[in-house]
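Work through the exercises below with the sequence and the model open. Each task is followed by a solution in steps.

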Amino acid sequence: YTSMTGFRLQDTQGAGEVQLVLTAALLKKMGYAWWDLGMTMKYKGKLGARVVSRGEFVERLKGDRDTRVNFAHERIGGGELMAWLLSPKTAEPGWELC
């Protein structure tokens, strides 16, 4: 995945934050425990991302890298995915953006 998929014309509003939220929802639905968003940026923090130390990152990576998850998912619309993400049964502790 690359944010280049969020192409928009100059001087127009983009949908980058919506793309991030829906990508996070799909990763969670597929069984991923967390998502490394790379470098720190304000908009990522507004979406719930947090900065972790290198040590914490390496420990989490070691702990999760061999976890089996689905690498495919049936086609799902953004509205349906958002509804799933916001449903009370989906609110599991421990999943986060880093």
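**Exercise 1. Burial along a helix**

Task: Which residues of helix α1 are buried?

Solution. In this predicted model, the buried residues of α1 are L20, T23, A24, A25, L27 and K28. To place them, note that α1 covers residues 16–29. The helix has 14 residues and reaches 20 Å from its first C-alpha to its last, close to the 20 Å expected at 1.5 Å a residue. An α-helix has 3.6 residues a turn, so residues three or four places apart point the same way. After the helix comes G31, which has a positive phi, near 105°.

**Exercise 2. The nonpolar core**

Task: Which residues make up the largest nonpolar core, and how many of them come from α1?

Solution. Start with the members: L20, A24, L27, W35, L37 and A49, 6 residues in all. Next, assign them to elements: α1 supplies the largest share of this core, 3 residues. As background, nonpolar side chains tend to be buried together in soluble globular proteins. For the chain as a whole, 19% of the 98 residues count as buried.

**Exercise 3. Packing of two helices**

Task: At what angle do α1 and α4 pack, and which residues make the contact?

Solution. First the geometry: α1 and helix α4 (residues 78–86) pack at about 65°, and their axes are 9 Å apart. The crossing of α1 past α4 is left-handed. On the α1 side, the contact is made by V21, L22, A25, L26, K28 and K29. On the α4 side, G78, L81, M82, W84 and L85 take part. Sorted by class, this contact has 8 nonpolar, 1 polar and 2 charged residues.

**Exercise 4. The whole chain**

Task: What pattern do the helices and strands follow along the sequence?

Solution. Count the elements: there are 4 helices and 2 strands. Read along the sequence, they follow the pattern α-β-α-α-α-β. Then turn to the contacts with a separation of 6 or more: 77% of them are between residues 24 or more positions apart.

Methods:
Residues are numbered from 1 along each chain as its sequence is written. This is a predicted model: local features need pLDDT of at least 70, side-chain atom pairs count only at pLDDT 80 or more; totals for chains, interfaces and linings use all residues. Side-chain values use heavy atoms; hydrogens and water are left out. A nonpolar core is a set of buried Ala, Val, Leu, Ile, Met, Phe, Trp, Tyr and Cys residues joined through side-chain atoms within 4.5 Å. Buried means under 20% relative accessible area, exposed over 50%, partly exposed in between (1.4 Å probe, protein chains only). Axes are lines fitted to C-alpha atoms, for helices over the stretch in contact, and angles run from 0 to 180 degrees between N-to-C directions. A crossing is left-handed if the near helix is turned anticlockwise from the far one by less than a right angle, and right-handed if clockwise. Contact means heavy atoms within 4.5 Å. Ala, Val, Leu, Ile, Met, Phe, Trp, Tyr, Cys and Pro count as nonpolar, Asp, Glu, Lys and Arg as charged, and the others, Gly among them, as polar. The expected span of a helix is 1.5 Å times one less than its number of residues.
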